[in-house]
Amino acid sequence: MTTEIISTLAKFIAEKILKQPNKEIKPDESLISSGLIDSFSLMDLALFVEDTYGVRIEDTELNAQTFDNLSQLTELIASRQK
Amino acid sequence: MSTFSNLLHRSYLEVPDKVSIVLQHAGEADQEITYRQLILGANQYALSYAREELKPGEVVLLILQHGQDLTFAFWGAILHGVIPAIMPFLSEKLSPERYRADLASLISITKPSAIITSAEFEEEARSALVPGDSIRKIIVTNTIETQSEPDFESLPGMKAMPDDIVILQHSSGTTGLQKGVALSHKAVLNQLEAYSKAINLDAEKDVIVSWLPLYHDMGLISCFLMPVLLRVPVIEMSPFDWVRAPYKLMQSVSQYKGTLSWLPNFAYNFCANKIRERNLEDVDLSSWRAIINCSEPVHAESHKLFVEKFEKFGLRPNTLQTSYAMAENVFGVTQSLLEAGPTVDEIDRESFMKNRVATPPITGQPSMKILSSGRLLDNTKIRIINENGEDIPDRLIGEIMLQSNCMLTGYYNRPDATESVLRNGWYITGDIGYLADGELYVSGRKKDMIIVGGKNIYPQDLETLTSEVPGVHPGRTVAFGMYDEEAGTEEVVIIAEVDSEEASEQEVIADAIRKHVTKSSAIALRHVKVVGEKWIVKTSSGKIARSANKEKFIGELKS
C-alpha cells in the first residue's frame, strides 16, 4: 500500500509538476526544502492527494515542517485515512 | 508640492483613527493598523535610525517578511529621511550562498548604510558583508526604540524636498538587483495623482485587497504607497499564504467588501484553476469594482477563465481591467477605462507577423486577438518608433517610448544603465506595441526579458548559471521564455550544449542544470534541453540569438 502511494505520488510529481516524466523521485528525497516543488505547485499536490486519497492537507500545512519527502507525505496520508 | 512625510503628518492630525492597513496572516487574527498606530510604529523606527546615526539621504535595505515590522520600518525610513529599498526575503528555493552573493553585489553598487532585518535573519545578513563595504549597521527589529509621541519638528524626513529620492525599487536576479530604480517624492506623487484619477479612486468608498509582495512595483505602489498616502484602506495578506490558498483573496474581498485589486496575468489562471468551490461558500464578490491586470503580458483568455469561475459568486465581468505599468514610470503608463473595460483588437495574423502592422482580420485567414492595455494616464505621453527611431502612425508596430512627470530619477549609482534607457528625455521601454483609437496594445518585447508570474528575469543571469554546471560548454547556453496558456504566464526554457551525445548522461546534466539554476535564481525551469554540439544557433557575428533558438526549439517541440 505504502509503496503504491509513493509511486503514484512520484509519478504525479514527475509528470504533472516537474514535466519530466522520466524523472525518478526517491522516497527520502526532499521536495519542499530543496525547492524541487515550488510554492506555486504545492496546491496541485494537495489537490491531487485530496482527489486521489480523500485526504485534506490544509494550506497552513503546505511546508517542509509538515512533510518534505514522499515517505513523510505517504505517512500523513495513511494516518488520515484511518 | 507635497512629500511623503508631509502627507503622513497630515493624516496623523486629520484621520488618526482611520484604519489604514489590515494585515492578514494564516492562522492569526487580522491586525488593523490605524494612521495613529502606523505613525507611532514608524516613529519607533525613525528614532532607531537616528540612534544608529543614519543620515537623511542614505539608503537602508529592508529584509523583512510581510507584516508589521516591514510596514513600520518602511514608513520610519520616510520619517527619518533615509531611502528604503525592500528586498525579497530568502526563500527555500534559493541557496543561501547565492542570496548572499546577490546581496553583496547589490550592496557594492547601491551602497546602503544599514540593513533592517529580523533576529532570525541577522546572521545571514551579516554573512553577506565584506570588509570595507558601505554597511555600518544591521538593525534588528527587536532592538528598536520604544513607542513615543512623534516630534514632527525634529524628524529629519519632514525636511525632505519633492525632488529628493524617496524609494529605490529593484527587480529580481543578479542583473535586476544591480539596477535600483530611484524615484523622487514628486515622481511618485505625480503618478498617484494621475493613476488615482484614471481609476476614480475614492478614499471614502474604496477598499484595496492585495496579496502582492512589496518588493515588486505593483504591490509597493498600488497596494501600499497609494492607499497609505491617499487614505484608502488596504487589506494585505501574505504572498506566502496566498500562493498556498488563493481562495483567501476572494474571502478577504467578501469579508471587507473590497473594491480594487491588482493581479499579474498568471494569477487569473491560478485562481480559476486551483480554487475549489467549497472554499467559496457564502463568498460575495459583488463589491469588486476593478481587478487590474498588469506587470506581465495580459491575455483575454485568462480573463475569460476568471469570469467563468467567479461569476456565480457575484463577480461582474466588467470588473476585469488592464494596465501597462513599469517601475521606471513609478507604476502605471496606461489604464483601461473602468466603465468600458479593455478593448479586444482582432487583427490579421499574417500582416502582424510579416509586415508588423495590426490590420483588421481577413475572412478565411487566421486572426489573433490582442487585449488592450488601455489609455494613457493624463501625465504620460508615448511614442511608437521604428528601427530608425522615427515615429510611426497608428496600427504600425514598433518600440514604445514614454515621457511623463513621474519618471525615474535614474538607476541608483548607475549612470551607464540610466543613459542607455533615456533618449532626449524619453524612456525607452524595450516593449513592442501599437496604438489604435487612443488605446495601447503591447504585443511583445524587444529586450529578451522573461516575465514569469509578474517577476522580471534576465535570461543572461540564467545562462551564466547554466554555464557553471559541469559538462556544459561555458557560453553555449540559451534561456528564453515561452508563453504557457494553461498557466497564463511564461515558462522558462534553457538549452545547453554538452560534449556527450549519450541520452542518459545528458539527462544527468539536465537534472544538474535544473537544480543549480533553481537554487541560484529561485526560478523553476519547465524545459531543460541538453543538446550536442552545434545545436545552438548563432548570428554571423557569433552571438547567440535567443529568438532564433526559441524558434528552433518550438519547431522541434511540434515535430
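Gln191(B) is found in helix H7 (residues 185-198) of chain B; helices (H or I, at least four residues) and strands (E, at least two) are DSSP runs, numbered from the N terminus. This is a predicted model, in which local features need pLDDT of at least 70 and side-chain atom pairs count only at pLDDT 80 or more, while totals for chains, interfaces and linings use all residues. Residues are numbered from 1 along each chain as its sequence is written, and chains are lettered from A and ligands numbered from 1 in the order in which they are written.

**Around Gln191(B)**

- Gln191(B) is buried, because 27 other C-beta atoms lie within 10 Å; a residue is called buried if 20 or more other C-beta atoms lie within 10 Å of its own, exposed if 12 or fewer, and partly exposed in between, with C-beta atoms placed from the backbone.
- Leaving out residues up to four places away in sequence, Gln191(B) touches Val330(B), Phe331(B), Gly332(B) and Cys406(B); contact requires that the C-beta atoms of two residues, placed from the backbone, lie within 7 Å.
- Gln191(B) and Ala73(B) are 118 residues apart along the chain, and 23 Å separate their C-alpha atoms.

**Domains of chain B**

- Chain B has domain 1 (1-179), domain 2 (343-445) and domain 3 (450-558), with bounds that come from an automatic or database domain assignment.
- The centres of domain 1 and domain 2 of chain B, taken over C-alpha atoms, are separated by 35 Å.
- Between these two domains of chain B, six residues of domain 1 are in contact with six residues of domain 2.
- On the domain 1 side of that contact, helix H4 (96-110) and strand S7 (165-169) of chain B each give two or more residues.
- The residues on that side are three nonpolar, one polar and two charged; Ala, Val, Leu, Ile, Met, Phe, Trp, Tyr, Cys and Pro count as nonpolar, Asp, Glu, Lys and Arg as charged, and the others, Gly among them, as polar.

**Nonpolar cores**

- The largest nonpolar core has 137 residues, and those with the most contacts inside it are Val60(B), Leu62(B), Ala73(B), Ala77(B) and Leu183(B); such a core is a set of buried Ala, Val, Leu, Ile, Met, Phe, Trp, Tyr and Cys residues joined through C-beta atoms within 7 Å.
- Helix H2 (residues 35-51) of chain B gives the most to this core, nine residues.
- This core lies between domain 1 (1-179) and domain 2 (343-445) of chain B, because both give residues to it.
- Another core lies apart from it and has 29 residues, including Ile457(B), Val478(B), Val493(B) and Ala522(B).

**A sheet and its helices**

- Three strands of chain B form an open sheet in the order S26-S27-S28, with mixed pairing; two strands pair if DSSP finds at least two bridges between them.
- Strand S26 (472-484) and strand S28 (527-531) of chain B are the edge strands, each pairing on one side only.
- S26(B) and strand S27 (residues 489-498) of chain B run antiparallel and are joined by nine bridges.
- H16(B) lies across S26, S27 and S28 of chain B, at about 135° to S28(B); axes are lines fitted to C-alpha atoms, for helices over the stretch in contact, and angles run from 0 to 180 degrees between N-to-C directions.

**Contact with chain A**

- Twelve residues of chain B are in contact with 14 residues of chain A.
- On the chain B side, helix H9 (239-244) and helix H16 (503-521) each supply at least two residues.
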